[in-house]
Every structure is written in C-alpha cells, then in structure tokens.
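Here is a short briefing to read alongside the sequence and the coordinates. Please keep the viewer open as you go through it.

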Amino acid sequence: MVPRSAVADTTRWQAPGAGKNAGMVGYITDAPIPPDLPRPVGYRLVIQVLELKDKTAIGLFVAGQSRDGAKILAMMGGVVAMGPDAYKDTEKFPHGAWCQLSDAVVIPMHCGTKLSVHGVAMRLVNDDEILAV
C-alpha cells in the first residue's frame, strides 16, 4: 500500500475535456484511483494515463482510426503517486517541483514502465520526464 501522503487526496483527478463538453470527448475520466497502487520508490511518479472509450457519453461509437488517438492519449495523464525523492534534487530542479499530486501532465510517448492496476492504465516515470503541466 502507498502511504496516504504520497497519493492524490481525491479519488479522481480532473482530466482535460471534463466538464461542460465531457459528453463529446472519448476520455475515461471516471476511473477511480485504485486503492492499492504500487508505491513508487526514489524519484519515480505514478501517472494514471487517459484512455479512449469505445463509445462516447452521448452514444457515438469511436471509429478504428480514431482509436489510434489512444496512442496520443497515452501521453497525457494525472499524477496519482510520487516517490519520496521526487523533485528533491535542487541542482536538477532549482525552481522547485515541476508537478504535484493530482496535476494533469504530458509525458513522452515511450517513456516509463507501462502497467495496469485493476484495469486502470498507469505509467511509472522518472520525475524529469514530465514535459508539460
């Protein structure tokens, strides 16, 4: 089990596209953070990545070509856990942490270790692999 201090306090993070136009977007935004996340060690972060639904909230089926967008969505996600040493190196991060728990972030397409926790797609990445917040 991950200590509560190292895991996002909310059971959900606000994904891009949620809110007013959420019915038009094919993101899975309602997947809760699994209770037994792997505990990241050192400077690693656990990112819950966005996935593409087979059918949108308004009932439209997502075409096969559009499902290729899942490759792009795998580059976006929310920070759900942080290792104890994440962003502690003041030489590498002189302006402080690049992200915090529950932040929506962009990561490189092929970075980190892909894993699935109770069917929820996750990535285990280094703290310096975050591209944007």
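Which residues of strand E1 (residues 44-49) are enclosed, and how many of the six are buried? Five of the six are buried, so strand E1 is largely enclosed by the rest of the structure; buried means under 20% relative accessible area, exposed means over 50%, and partly exposed lies in between (1.4 Å probe, protein chains only).

This is a predicted model, in which local features need pLDDT of at least 70, side-chain atom pairs count only at pLDDT 80 or more, and totals for chains, interfaces and linings use all residues. Residues are numbered from 1 along each chain as its sequence is written, and side-chain values use heavy atoms, with hydrogens and water left out.

**Overall fold**
- The protein has two helices and five strands, where helices (H or I, at least four residues) and strands (E, at least two) are DSSP runs numbered from the N terminus.
- Their order along the sequence is β-α-α-β-β-β-β.
- Of contacts between residues at least 6 apart in sequence, 69% join residues at least 24 apart; a contact means heavy atoms within 4.5 Å.

**Surface and burial**
- Of the 133 residues, 35% count as buried.
- The protein exposes about 7,800 Å², and carbon and sulfur atoms supply 55% of that area; accessible areas come from the Shrake-Rupley method with a 1.4 Å probe, and for residues only the protein chains shown count as cover.

**Strand E1 and its partners**
- E1 pairs with E5 in the antiparallel sense over five bridges, and two strands pair if DSSP finds at least two bridges between them.
- In that pairing, Arg-44 stands opposite Asn-126 in E5.
- E1 also runs antiparallel to E2, joined by five bridges, with Leu-45 opposite Met-82 in E2.

**The salt bridge**
- The structure holds one salt bridge, defined as a side-chain nitrogen of Lys or Arg within 4 Å of a carboxyl oxygen of Asp or Glu.
- Lys-92 forms it with Asp-128, and their closest N and O atoms are 2.9 Å apart.
- Lys-92 lies in the loop between strand E2 (76-82) and strand E3 (104-106), while Asp-128 is in the segment after strand E5 (120-126), so the pair ties together parts 36 residues apart in sequence.
- Lys-92 is partly exposed at 42% relative accessibility, and Asp-128 is partly exposed at 33%.

**Cysteines**
- The count of disulfides is zero, taking a disulfide as a pair of cysteine sulfur atoms within 2.5 Å.
- Cys-99 is buried at 2% relative accessibility, and Cys-111 is buried at 6%.
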